[in-house]
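Hi,

Here is the structure I promised to pass on. Have a look at it first, and then read my notes below.

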Amino acid sequence: MYEKYMIVPELAKKTENGFEIGARLPYYRGVSLSMVEEIEVTLDGETLPQSDVSILINGKTYNLEQRENELDDRWEMGEVATLAIAKSGELPAGEHKLGLKINLRIGYMPFPSIRIAERNIIIN
């Protein structure tokens, strides 16, 4: 159910260092950023390093290491975060196939909460 809404294609755009996309939390409750175990982005079949993905939420930007240790800032249900992805080389403008996998650590669940979405998006 949540997978349909994870990727916000209207926010996709090229940046100086790569590109940005909008993403919604695929969970019915908010979580602290330290509970976001994994954010994996694929572009046109290429899996990009997690270390190249930063999350902008509540006016602050967190890289992978900072996110792992952030206990106070939260990603709330329905809130759109910006994922900034560093990508070397020229990114052609136009349509791309984007994949997004988000793995959450939920304390009361005995298994990982992994959600995967895929959409064609326009990056200009």
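Strand β4 pairs with strand β10 (residues 94-104) through seven bridges, and the two run antiparallel. One of the pairings to look up is Val-36, whose bridge partner in β10 is Leu-104. Keep in mind that this is a predicted model.

β4 also has a partner in β5 (residues 46-48), again antiparallel, with three bridges joining them. Here Val-41 stands opposite Leu-48 of β5. The hairpin made by β4 and β5 has two residues between the strands, and Asp-44 takes a positive phi there, near 50°.

So how much of β4 is buried? Six of the eight residues in this strand (residues 36-43) are buried, so β4 is largely enclosed by the rest of the structure.

Now for the surface. Tyr-28, Met-77 and Tyr-108 make up a nonpolar patch there, with about 360 Å² of accessible area together. Tyr-28 sits in the loop between β2 (18-24) and β3 (31-32). Its relative accessibility is 44%, so Tyr-28 counts as partly exposed.

The other residue I looked at is Asn-124, in the segment after β11 (113-123). Asn-124 counts as exposed because its relative accessibility is 56%, the cut-off for exposed being over 50%. Leaving aside residues up to four places away in sequence, Asn-124 touches Lys-13, Lys-14, Ala-93 and Gly-94. Asn-124 and Gly-94 are 30 residues apart in sequence, yet their C-alpha atoms are 6.0 Å apart in space.

Cheers

Note on methods. Residues numbered from 1 in each chain as written. Predicted model: local features only at pLDDT ≥ 70, side-chain atom pairs only at ≥ 80, totals over all residues. Heavy atoms only, no water. Patch = residues over 30% accessible without salt bridge, like charges linked within 9 Å, V, L, I, M, F, W, Y side chains within 5 Å. Areas by Shrake-Rupley, 256 points an atom, 1.4 Å probe, with all protein chains shown as cover. Salt bridge = Lys/Arg side-chain N within 4 Å of Asp/Glu carboxyl O. Helix = DSSP H or I, 4+ residues; strand = E, 2+ residues; numbered from the N terminus. Buried < 20%, exposed > 50% of the residue type's maximum accessible area, 1.4 Å probe, protein only. Contact = heavy atoms within 4.5 Å. Pairing = 2+ DSSP bridges.
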